[in-house]
Amino acid sequence: MAIEILPARLANQIAAGEVVERPASVVKELVENSIDAGATRIDVDIEKGGSKLIRVRDNGVGISKTDLQLALSRHATSKIHSLDDLEAIMSLGFRGEALASVSAVSRLTITSRPAEQQEAWSAFAEGRDMVVSVKPAAHPVGCTVEVVDLFFNTPARRKFLRTDKTEFSHIDELLRRIALSRFDITINLRHNGTQVRQYRRIPERGDPLRRLKAVCGQKFVESCAAD
Ligand SMILES: Nc1ncnc2c1ncn2[C@@H]1O[C@H](COP(=O)(O)OP(=O)(O)OP(=O)(O)O)[C@@H](O)[C@H]1O
Ligand SMILES: [Mg+2]
């Protein structure tokens with residue numbers, strides 16, 4: 001067989017095998033992007049365990065109109081530029097893979113406005129070559145990534161999804177861990193339109209036990225704080 005370069009979507013779908021195992025892996029990538037963008041508030045909306053909808057909205061620095069196209073391309077990142085940077089990573093992401101991969105196995109739209117731009121723009125990738133279209137949109141400073149119909153075009157992967165309840169519990173557990181590692185960020189989680197978790201940010205001089213209580217429960221806090 002002759003050697004051919006794979007179309008962008010297929011190459012990205014293959015790469016997605018490494019990054020996206022289940023809805024919780026998508027939530028992890030999106031929330032890590034929000035954290036890297038300096039967000040102090042992250043809202044996660046899930047429908048049907050994430051197989052129908054995963055929406056992550058943040059109030060981070062956002063992405064400019066020109067960079068939106070690149071954000072959906074593979075090997076495109078703002079987080080490292082050289083081998084030296086790679087050896088001193090300060091961010092959670094650096095591969096420039098996540099959005100391109102998720103976008104290849106779902107219907108992904110990214111909408112954003114950075115502070116220096118008056119208007120917001122929305123981007124999504126279409127077709128086998130994943131050509132990015134950009135449209136005007138309404139959005140406050142920050143970024144929203146919406147992932148609809150995860151694995152709709154990779155039925156073998158979709159078949160491996162567990163029940164909505166199980167997939168949601170993986171998302172819940174992931175966010176509990178993130179909430180425990182970053183007290184300075186408010187994280188809200190909704191499932192099928194109902195608020196399920198609300199982790200309010202703890203201000204610098206605030207009481208960190210409040211966050212611990214929200215994540216691990218009153219009983220846990222009482223027993224670990226007892227002297
Ligand atoms: N929520 C966000 N706010 C601001 N910029 C973002 C956001 N999400 C993504 N970006 C921008 O899009 C780029 C691509 O994101 P993507 O997650 O694909 O790659 P990455 O985070 O650089 O690396 P990795 O693949 O390891 O996650 C990022 O480098 C960043 O510049
Ligand atoms: Mg990333």
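Which residues does Leu72 touch, not counting residues up to four places away in sequence? Select Leu72 and look: Leu99, Ala100, Ser103, Ile110, Ala123, Ala125 and Val132. Touching here means that C-beta atoms, placed from the backbone, lie within 7 Å.

Before moving on, some conventions. This is a predicted model, in which local features need pLDDT of at least 70, side-chain atom pairs count only at pLDDT 80 or more, and totals for chains, interfaces and linings use all residues. Residues are numbered from 1 along each chain as its sequence is written, while chains are lettered from A and ligands numbered from 1 in the order in which they are written.

**Stop 1: Leu72**

Stay on Leu72. Its place is the loop between helix H3 (65-71) and helix H4 (83-86). Helices are DSSP runs of H or I with at least four residues, strands are E runs of at least two, and both are numbered from the N terminus. Leu72 is buried, with 23 other C-beta atoms within 10 Å. The cut-offs: 20 or more other C-beta atoms within 10 Å is buried, 12 or fewer is exposed, and in between is partly exposed, with C-beta atoms placed from the backbone.

**Stop 2: two positive phi angles**

Most residues other than glycine have a negative phi. Select Met130. Its phi is positive, about 50 degrees, although Met130 is not a glycine. Met130 lies in the loop between strand S4 (120-126) and strand S5 (131-137). Met130 is buried, with 20 other C-beta atoms within 10 Å.

Next, Asp149. Its phi is also positive, at about 55 degrees. Find Asp149 in the loop between strand S6 (142-148) and helix H6 (155-159). Asp149 counts as partly exposed, with 14 C-beta neighbours inside 10 Å.

**Stop 3: H2 against H7**

Show helix H2 (residues 23-36) and helix H7 (residues 164-181). Their axes, lines fitted to C-alpha atoms over the stretch in contact, come within 8 Å and cross at roughly 30 degrees. Angles run from 0 to 180 degrees between N-to-C directions. H2 and H7 are therefore roughly parallel (under 35 degrees; over 145 is roughly antiparallel, 65 to 115 roughly perpendicular, the rest oblique). Color the contact: Pro23, Ala24, Val27, Lys28 and Val31 of H2 meet Glu167, His170, Ile171, Leu174 and Ile178 of H7.

**Stop 4: ligand 1**

Finish at ligand 1. Of the 22 residues around it, Asn33, Ala37, Thr77, Gly93 and Ala98 come nearest (a residue is near if its C-beta atom, placed from the backbone, lies within 6 Å). H2 and helix H5 (98-104) are the elements giving two or more residues to this shell.

Definitions and conventions:
Contact = placed C-beta atoms within 7 Å.
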